[in-house]
Amino acid sequence: MIVSVIIPVYNAEKYVTRAVESVLLQHEVEEVILIEDGSLDNSLIICNSLQEKNDKVNVIRHADGLNHGAGPSRNQGINRAKGEYIAFLDADDYYCDNRFTLTRKVFEKHPEIDGVYEVMGASYNSDYSKSQHIERMRITKKHYQNPIIALENTGMELGILPEDLFNEMILGKKGWVHLNALTIKKEAFIDFELFSDLYLGEDSEFIFRLAHEKVLLSTNNIDPVAIRFVHEDNRIPYSGYHQLLWEYMFNYLRKEKFDKNISRVIVRNYLNNYSEYYYNYPNNPLRKLRKWFNFAFLLIKYPRMLYILL
């Protein structure tokens with residue numbers, strides 16, 4: 001198993017060395033691609049130093065040297081990667097020991113699949129960061145059905161079939177696949193649209209589409225294989241994050257064929273988030289009124305929606 005690990009780097013001078021070192025400890029990794037994304041700190045200097053110290057490390061930049069975002073940066077890495085498998089890591093996070101041990105076994109047992117996912121853990125730079133993360137996870141998981149994955153960790157609950165993965169993630173009651181705990185065959189990208197240019201949520205949109213179009217299997221292990229380092233500099237979703245993500249999913253719905261229940265959830269999430277986050281109405285009645293106005297507007301603009309939803 002030969003893995004290329006792709007790490008977009010932006011203003012990560014404090015973290016990127018640990019990330020790279022954790023990747024180089026993995027026996028399956030033959031290549032670490034750092035896409036330096038126009039950082040304003042010393043990230044480029046540190047990346048170049050890491051490259052000089054280890055032949056497995058390869059630093060690339062966008063042609064104009066400017067900041068393009070994590071999605072376009074990962075796309076550059078995918079296009080440059082030489083490994084037969086692709087994995088990802090954020091520059092402020094790190095891998096656990098034996099990151100690919102169980103993933104390799106699943107690929108060996110099921111050579112027909114496109115990807116394998118596991119569980120993402122968390123560590124913290126302060127008690128405040130920890131309390132904030134756990135509160136966000138508590139809100140996220142309040143509707144989960146009998147979860148066995150630890151509250152602070154991110155992953156799909158066990159026993160989900162590949163054909164059900166997309167639906168379960170849309171319904172949002174059995175977990176989520178984190179990009180840092182996902183490994184994909186490079187050949188799976190041949191007929192697959194890569195990351196969008198969303199500034200935030202590009203990984204979520206990518207994973208939604210990947211789960212729908214490809215065959216992804218879990219190792220059925222609930223122990224983390226990668227760690228998210230939670231700190232005050234993390235990218236936190238701004239008010240338009242959900243609106244933009246679900247707008248992309250709504251447009252994806254218009255091109256693809258889903259179960260009617262799943263279609264309704266996508267449209268409802270789009271309308272709810274569009275009203276609540278984008279227009280920032282201060283009270284619930286106005287928000288609901290705006291949602292129904294948006295829904296009527298969508299039906300006029302896209303008459304096929306009525307067929308999809310009924």
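Colleague: What share of the 310 residues in the protein is buried?
Modeller: This is a predicted model. Buried here means under 20% relative accessible area. Of the 310 residues in the protein, the share that is buried comes to 52%.

Colleague: What radius of gyration does the protein have, against that of a compact globule?
Modeller: For 310 residues, a compact globule would be near 19 Å. The C-alpha trace spans about 60 × 45 × 40 Å along its principal axes. The radius of gyration of the protein agrees with the globule value, at 20 Å.

Colleague: Among contacts between residues at least 6 apart in sequence, what percentage joins residues at least 24 apart?
Modeller: The chain holds eleven helices and ten strands. Take the contacts between residues at least 6 apart in sequence. Those joining residues at least 24 apart make up 75%.

Colleague: Is Glu36 buried or exposed?
Modeller: Glu36 lies in strand S2, residues 29-36. The cut-off for buried is under 20% relative accessible area. Glu36 has 1%, so Glu36 is buried.

Colleague: Which side chain makes a polar contact with the side chain of Glu36?
Modeller: The Glu36 side chain also reaches a backbone atom, the nitrogen of Gly38, at 3.2 Å. The side-chain partner sits at 2.6 Å. That partner is Ser39.

Colleague: Which residues is Glu36 in contact with, leaving aside neighbours within four places in sequence?
Modeller: Contact means heavy atoms within 4.5 Å. Sequence neighbours within four places are set aside. The contacts of Glu36 are then Val9, Ser43, Leu44, Ile60, Arg61 and His62.

Colleague: What covers the buried residues of helix H3?
Modeller: H3 covers residues 70-80, and its buried residues are Ala70, Gly71, Ser73, Arg74, Asn75, Gly77 and Ile78. Strand S2, which holds Glu36, is included in their cover. The cover also includes strands S1 (3-9), S3 (57-61) and S4 (85-88), and helix H7.

Colleague: At what angle do helices H6 and H7 pack?
Modeller: H6 is residues 162-171 and H7 is residues 202-213. Their axes are 7 Å apart. H6 passes H7 in a left-handed crossing. The packing angle is about 150 degrees.

Colleague: How many nonpolar residues does the contact of H6 with H7 have?
Modeller: From H6 come Pro162, Leu165, Phe166, Met169 and Ile170. They meet Ile207, Phe208, Ala211 and His212 of H7. By class, the contact has one polar and no charged residues; the nonpolar residues number eight.

Methods:
Residues numbered from 1 in each chain as written. Predicted model: local features only at pLDDT ≥ 70, side-chain atom pairs only at ≥ 80, totals over all residues. Heavy atoms only, no water. Helix = DSSP H or I, 4+ residues; strand = E, 2+ residues; numbered from the N terminus. Buried < 20%, exposed > 50% of the residue type's maximum accessible area, 1.4 Å probe, protein only. Polar contact = N/O pair within 3.5 Å; in protein donor to acceptor, adjacent residues only side chain to side chain. Axes fitted to C-alpha atoms, helices over the stretch in contact; angles between N-to-C directions. Left-handed = near helix turned anticlockwise from the far one by under 90°. Nonpolar A, V, L, I, M, F, W, Y, C, P; charged D, E, K, R; others polar. Rg over C-alpha atoms; globule rule 2.2 N^0.38 Å.
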